[in-house]
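Work through the exercises below with the model open. Each task is followed by a stepwise solution.

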Amino acid sequence: MTGHPVEALIPYQEIAHCLDKSIARLETSIQQVLEQTPPELYSDIVENGIFLSGGGALLRGLDKRLTEKVNIPFHVAEDPLRAVARGTCIALKNTDNYSFLMR
């Protein structure tokens, strides 16, 4: 009411409850994409797993939940907040090797 910042403690269970519907949609989307994946690529995914990057990868237990739901190993990328930027930088420095990514 004063307009001043206020500190509030929110239990992680409440945050998890709020995120549950979005994560369930993510699970469904992953399953739909995997159903459309060619067999040779699917076998590589099953063998190597799926790497999560970005801020969402830092949600505690997300990799375990997805692994249990999809039955494919999920891993959190090393330094997930910068992983996409680093990969993009590598691709831009080596456009000859990644021409299929460029339009």
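**Exercise 1.** Find where H1 bends, and by how much.

Solution. H1 bends by about 45° at Asp20; the bend is the angle between axes fitted to the seven residues ending at a residue and the seven starting there. Helices are DSSP runs of H or I with at least four residues, strands are runs of E with at least two, and both are numbered from the N terminus. The model is predicted: local features need pLDDT of at least 70, side-chain atom pairs count only at pLDDT 80 or more, and totals for chains, interfaces and linings use all residues. Residues are numbered from 1 along each chain as its sequence is written, and side-chain values use heavy atoms, leaving out hydrogens and water.

**Exercise 2.** Compare the reach of helix H1 with its expected span.

Solution. First, H1 covers residues 12-35, 24 residues.

**Exercise 3.** Which residues of H1 are buried, and what do they pack against?

Solution. Buried means under 20% relative accessible area, exposed over 50%, and partly exposed in between (1.4 Å probe, protein chains only). Ile23, Glu27, Ile30 and Leu34 are buried. The buried residues of H1 contact (heavy atoms within 4.5 Å) helix H2 (39-48), helix H3 (62-70) and strand S2 (74-76).

**Exercise 4.** Is Thr37 buried or exposed, and which residues does Thr37 touch?

Solution. Thr37 sits in the loop between H1 and H2. Its relative accessible area is 16%, so Thr37 is buried. Beyond four places in sequence, Thr37 touches Tyr42 and Ile45.

Key:
Expected span 1.5 Å × (residues − 1).
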